[in-house]
Amino acid sequence: MHTLTQLHIDIARNATDDFNLFHDPMRWQRISENPFQGTIALGFQLGLYVETQINRSEPAIKWRQCSVYEFTFVNPAKVGDELNLVLKRTRVTETDKGEQESQRLILKASGKPSLMGSYRQSDFMSVDSQLLKYSKEKLSRMTDRTLFDNSVFLKRKWMIVGNVKNYLLSAFADQTQYIDEFVDKVRFPHFYPLSLMSSAMLERAQALEYDLIQNPMIYVSQNMCIDNQQLAQLKSNDCLNILVAPVDTDPNHLTCVGWVDDESPLFCAEVKLMPLSDMLIKPA
């Protein structure tokens, strides 16, 4: 088990440019009717913990074209909580597009489920998005933080090895499994490029003049698929173009796609959010 501290949360938010006040030890009180009475871990930080714990031992699942994470968030992980990942037995399924191998999982924080879901390896990109109609060439001509077609937002980030090292520390990971200059090894974890969606979503909300203090949002679920071959080829300072947009005009259901050097995406994801106020509604 690993005990979560404020330092771990601070490292994670600084490494990923996540400025959500839920994680800020000096300003979490500003969130209207915040029920958590303190800071909570980043959702993507918990995802990185899941990934690195899976990789600590010999993987039970064979490496394939894509890695897929499906999470449902149950309870927040807070400072002082002990984190523990429980993995279920591996299952293999056949689909029209190819084979998938998966494991159910539960991440517990001090014995209570924090997130539940699955991790799987797939022969194909299993998450789709209407944002795939935009070409990488078109995005490269746009400036950072461009809001276009009413609700589509472009955020440009870079793969920074120093940030990755810190981010791995925030999830209790062994950095040398991913980055070791003495053997010229740089292997980005899945959840570094995936986590950069958080700042993209926050900046999109600001561009739309959404009040993140009076009307904060929390994660309900994440469904993310990342191309392992492209990830293995990433280098320091590679540029990542992230698009964020609502799914079917639902402001709480977002689709995110990231491109690097290939015409096909590095990742596709769907994220469902919920206003904190909805969680606070008491049943009649």
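User: Which residues of helix 6 are buried?

Analyst: In this predicted model, the buried residues of helix 6 are Met197, Ser198, Ser199, Ala200, Met201, Leu202, Glu203, Arg204 and Ala205. That is 9 of the 11 residues, so the helix is mostly covered, a residue being called buried when its relative accessible area is under 20%.

User: How should I think about the direction in which helix residues point?

Analyst: An α-helix has 3.6 residues a turn, so residues three or four places apart point the same way.

User: What happens to the backbone just after helix 6?

Analyst: Start with the general idea: most residues other than glycine have a negative phi. Just after helix 6, Glu209 takes a positive phi of about 60°. Glu33 also has a positive phi, near 55°, and it lies in the loop between helix 1 (6-16) and helix 2. At 63% relative accessibility, Glu33 counts as exposed. Another residue to look at is Asn237, which is not a glycine and has a positive phi of about 75°. Asn237 sits in the loop between helix 7 (228-233) and strand 11 (239-247).

User: How many cavities of 30 Å³ or more does the structure hold?

Analyst: The structure holds 1 such cavity. The volume of the largest cavity is about 30 Å³. Its lining is made by Leu4, Gln45, Leu46, Tyr49, Leu83, Ser170, Ala171 and Phe172. The largest share, 3 residues, comes from helix 2. By class, this lining has 6 nonpolar and 2 polar residues, with no charged ones.

User: Now for single residues. Is Gln222 buried or exposed?

Analyst: Gln222 has 2% relative accessibility, so it counts as buried. You will find Gln222 in strand 10. Leaving aside neighbours within four places in sequence, Gln222 is in contact with Phe44, Tyr69, Glu70, Phe71, Phe73, Glu270 and Val271.

User: Where is His190, and what does it touch?

Analyst: His190 is in the loop between strand 9 (185-186) and helix 5 (191-195). His190 is buried, with a relative accessible area of 3%. Not counting residues up to four places away in sequence, His190 touches Glu51, Trp63, Ser67, Tyr69, Ile226, Asn228 and Leu231. Compare sequence with space, too: His190 and Cys225 are 35 residues apart along the chain, while their C-alpha atoms are separated by 9.3 Å.

User: And how does Thr72 sit in the model?

Analyst: Thr72 belongs to strand 2 (residues 66-73). At 41% relative accessibility, Thr72 counts as partly exposed. Beyond its neighbours within four places in sequence, Thr72 is in contact with Ser114, Leu115, Met116, Val220 and Ser221. Thr72 and Lys272 are 200 residues apart in sequence and 9.4 Å apart in space, C-alpha to C-alpha.

User: What is the radius of gyration of the protein, and what would a compact globule have?

Analyst: With 284 residues, a compact globule would have a radius of gyration near 19 Å; the protein has 18 Å, which agrees. Along the principal axes, the C-alpha trace spans about 45 × 45 × 40 Å. Buried residues make up 54% of the 284 residues.

User: How many helices and strands are there in the protein?

Analyst: There are 8 helices and 13 strands. As for contacts with a separation of 6 or more, residues 24 or more positions apart account for 70% of them. The protein exposes about 13,500 Å², and carbon and sulfur atoms supply 48% of that area.

Definitions and conventions: Residues numbered from 1 in each chain as written. Predicted model: local features only at pLDDT ≥ 70, side-chain atom pairs only at ≥ 80, totals over all residues. Heavy atoms only, no water. Helix = DSSP H or I, 4+ residues; strand = E, 2+ residues; numbered from the N terminus. Rg over C-alpha atoms; globule rule 2.2 N^0.38 Å. Buried < 20%, exposed > 50% of the residue type's maximum accessible area, 1.4 Å probe, protein only. Contact = heavy atoms within 4.5 Å. Areas by Shrake-Rupley, 256 points an atom, 1.4 Å probe, with all protein chains shown as cover. 1 Å grid on protein atoms, 1.4 Å probe; cavity = no way out; pocket = protein on both sides within 12 Å on 5 of 7 lines; lining within 4 Å. Points joined across faces, edges and corners; volume = space filled by probe spheres on them. Nonpolar A, V, L, I, M, F, W, Y, C, P; charged D, E, K, R; others polar.
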